[in-house]
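Please open the structure in the viewer and keep the selection tool at hand.

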Amino acid sequence: MPEGRRRPPREPRPSPPALDDSAPHGERLQKVLARLGLGSRRSCEELIAHGRVTVNGEPAELGRRVDVGVDIVSLDGVPLPVLPGLVHYLLHKPAGIVTTAHDPFGRPTVLELVPDAPRVFPVGRLDADSEGLLVLTNDGALAQQLTHPSFGVEKEYLVEVDGVPSAGDLRRLRQGVDLDDGKTAPATVGVVAPGVLKIVIHEGRNRQIRRMCDAIGHPVRRLVRTRIGPVSDPHLKPGEWRALDPSEVRALGVAAKPRGRDVPGQRPGTPGGATGPG
């Protein structure tokens, strides 16, 4: 090199960016699935490879990254709760507790029986006099599925009534009862003991079972919800709650899978207007 002309020092090459599953292109899909309790990352890769996982309705490919705040991830057609921070509680609501976030009359609410944070909301309702299982969550998409009438998730109740319903009374319950808001859908009804019935319905009209039993002349004395879709817990005592495990959340999603048509989904938030049959 001629004297007086010096090559400028070479600038150091920038180091390659560290692999960060959360930025800028989202998390690896198999990591998201594994976090939901669907298996190891290897087994989640197999779910993807077998075409069982979709992102925004399109089959996912190995190596896909997702933005859990935007993308809708489904397994076998059932949306998964991929947003971090989602919680799902199962509460045994005692009688005398109202199913609302705030009661203007100062009565105790179901929110007083579960942790304060993160804030959750009840899915559907049980009236103040009714008891039994209730889901509370901050997962708005699952909540809408569980309460939307197009999905028809089963709910099972033990119902103690005045008197002993006749065979004709039971037949009316099974075939549908005429109420002021229309005839009810057929119910599954069994006799547990004299004056005690097991009733399974998939509608969610306000105070439906009480009105059905009033219509056949046997008013409800006590009503306990014992099952929501595939989820039950005979060991949960009144006032107690527990977190649903991932397999139970997944089973609820399967039970609420659309039947024959699509129903618009919803990102986590409080759904409005859902009432319960209790």
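This is a predicted model: local features need pLDDT of at least 70, side-chain atom pairs count only at pLDDT 80 or more; totals for chains, interfaces and linings use all residues.

Leaving aside residues up to four places away in sequence, glutamate 131 touches Lys93, Pro94, Ala95, Leu126, Arg222, Leu223, Val224 and Arg225. Is glutamate 131 buried or exposed? Glutamate 131 has a relative accessible area of 11%, and because the limit for a buried residue is under 20%, glutamate 131 counts as buried. Colour the strand that holds this residue: glutamate 131 belongs to β9.

Next, select helix α6, which spans residues 246-255. Within α6, highlight Glu248, Val249, Leu252, Gly253 and Ala255, the buried residues of this helix. These residues lie on the same side of α6, because the arc they cover around the axis is only 165 degrees.

From here, follow β6 into its sheet. Four strands, in the order β3-β2-β5-β6, make up an open sheet with antiparallel pairing. At the edges are β3 (58-59) and β6, each of which pairs on one side only.

Finally, select β5, residues 73-75, beside β6. The two strands run antiparallel and are joined by two bridges. To inspect a bridge pair, display serine 74 and its partner in β6, proline 79.

Notes:
Residues are numbered from 1 along each chain as its sequence is written. Side-chain values use heavy atoms; hydrogens and water are left out. Buried means under 20% relative accessible area, exposed over 50%, partly exposed in between (1.4 Å probe, protein chains only). The arc is that of the directions from the helix axis to the C-beta atoms. Two strands pair if DSSP finds at least two bridges between them. Contact means heavy atoms within 4.5 Å.
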